[in-house]
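Please consult the sequence and the structure while reading.

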Amino acid sequence: MGYNAPLLPPAPALCRGTAMQPKQLRKSNTVERMIDLHCHLLPGIDDGPETLEESLELCRIAVADGITLAIVTPHIHPGRWENNRISISEACSALQRALELHDIPLRLGFAGEVRLTDRIMQQVADDDIPFYGSVDGYKVMLLEFPHSHLIPGGEKLARWLLEQGIRPLIAHPERNKQIMKDVSQLLPFIEAGCWLQVTAGSVMGNFGEKSRIIAHQLLQSDMVTVLASDGHNDRVRPPVLRQTFDYIASQYGEKRAQRLMLETPAAIIQS
Ligand SMILES: [Fe+2]
């Protein structure tokens with residue numbers, strides 16, 4: 001591969017050496033079984049593919065890249081994307097049936113990318129949120145901050161979720177503008193027990209230099225729990241992991257690549 005951007009020194013505020021990961025990992029020896037824990041492949045229910053044909057094409061791209069299991073995570077964002085556990089489950093089953101009809105060997109699971117809002121307590125109470133699985137006694141939830149800022153009281157809501165036995169896996173923190181300015185703003189969330197999902201493309205600089213810097217600072221501080229594609233389309237955000245897998249293996253070691261894209265995702269979805 002032709003990408004040789006320099007690595008960066010870790011951010012001082014993050015030099016804690018804490019690997020935020022499940023206690024039990026599933027061992028795997030092959031790159032052919034990558035698991036994508038965050039992607040938007042279901043047609044017409046968020047800002048991912050609009051049609052079934054587009055969905056199938058994205059699934060073909062994922063399979064060609066070496067992904068065998070994709071956990072679809074449609075946006076759950078009150079007022080914008082009104083998805084919930086039941087609607088996502090039905091849409092996921094329909095796409096799985098279509099994959100079988102078209103002989104596309106991709107297994108699907110589902111969770112949801114839950115926007116952090118003041119509605120989250122009610123969503124939990126109503127059992128509206130699809131979780132990944134239960135790990136170390138906590139149900140794992142993909143939690144999305146607004147892109148431009150951190151909401152006041154967000155850390156309190158994260159602590160409340162943990163008190164309910166729900167562990168937030170924070171989606172792509174390296175792309176949040178406030179965190180890009182000051183990565184130490186993540187520390188209260190990490191100290192509360194949140195895990196971090198970094199976008200594979202951020203590691204390669206696909207979301208700009210600032211996101212790349214933060215992604216590597218988090219990697220070098222061993223703060224990243226999983227890498228995932230956040231795939232939405234076949235242009236700027238495809239559902240692929242392999243290039244980043246190879247890059248992580250070359251820069252951080254094969255074991256780290258396996259942990260971030262195979263073993264920890266497998267542990268998070270087992271329940
Ligand atoms: Fe996403």
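## Basis and overall composition

Two residues are in contact if their C-beta atoms, placed from the backbone, lie within 7 Å. Among the contacts in the chain between residues at least 6 apart in sequence, 79% join residues at least 24 apart.

The model is predicted: local features need pLDDT of at least 70, side-chain atom pairs count only at pLDDT 80 or more, and totals for chains, interfaces and linings use all residues. Residues are numbered from 1 along each chain as its sequence is written.

The chain holds ten helices and ten strands; these are DSSP runs numbered from the N terminus, with helices being H or I of at least four residues and strands being E of at least two. Of the 271 residues, 45% are buried. A residue is buried if 20 or more other C-beta atoms lie within 10 Å of its own, exposed if 12 or fewer, and partly exposed in between, with C-beta atoms placed from the backbone.

## The three-stranded sheet

An open sheet with parallel pairing is formed by three strands in the order β1-β2-β4. Because β1 (34-39) and β4 (107-110) each have a single partner strand, they stand at the edges, and one side of each is left without a neighbour in the sheet. From one strand to the next, the twist averages 25 degrees.

Strands pair if DSSP finds at least two bridges between them. Four bridges link β1 to strand β2 (residues 67-72) in the parallel sense, and cysteine 39 has valine 72 in β2 as its bridge partner.

## Strand β7 and its partners

Strand β7 (residues 138-144) is largely enclosed by the rest of the structure, because five of its seven residues are buried. Strand β5 (residues 113-115) pairs with β7 in the parallel sense over three bridges, and glutamate 113 stands opposite leucine 142. Five bridges join β7 to strand β8 (residues 166-171), also in parallel, with methionine 141 partnered by proline 168.

Strand β6 (residues 134-135) runs antiparallel to β7, joined by two bridges. The two strands form a hairpin with two residues between them, and aspartate 136 in the turn has a positive phi of about 50 degrees.

## Histidine 77

Histidine 77 lies in the loop between β3 (75-76) and α2 (85-101). This residue is buried, with 20 other C-beta atoms within 10 Å. Histidine 77 and glycine 112 are 35 residues apart in sequence, and their C-alpha atoms are 9.8 Å apart.

Key:
Axes are lines fitted to C-alpha atoms, for helices over the stretch in contact, and angles run from 0 to 180 degrees between N-to-C directions.
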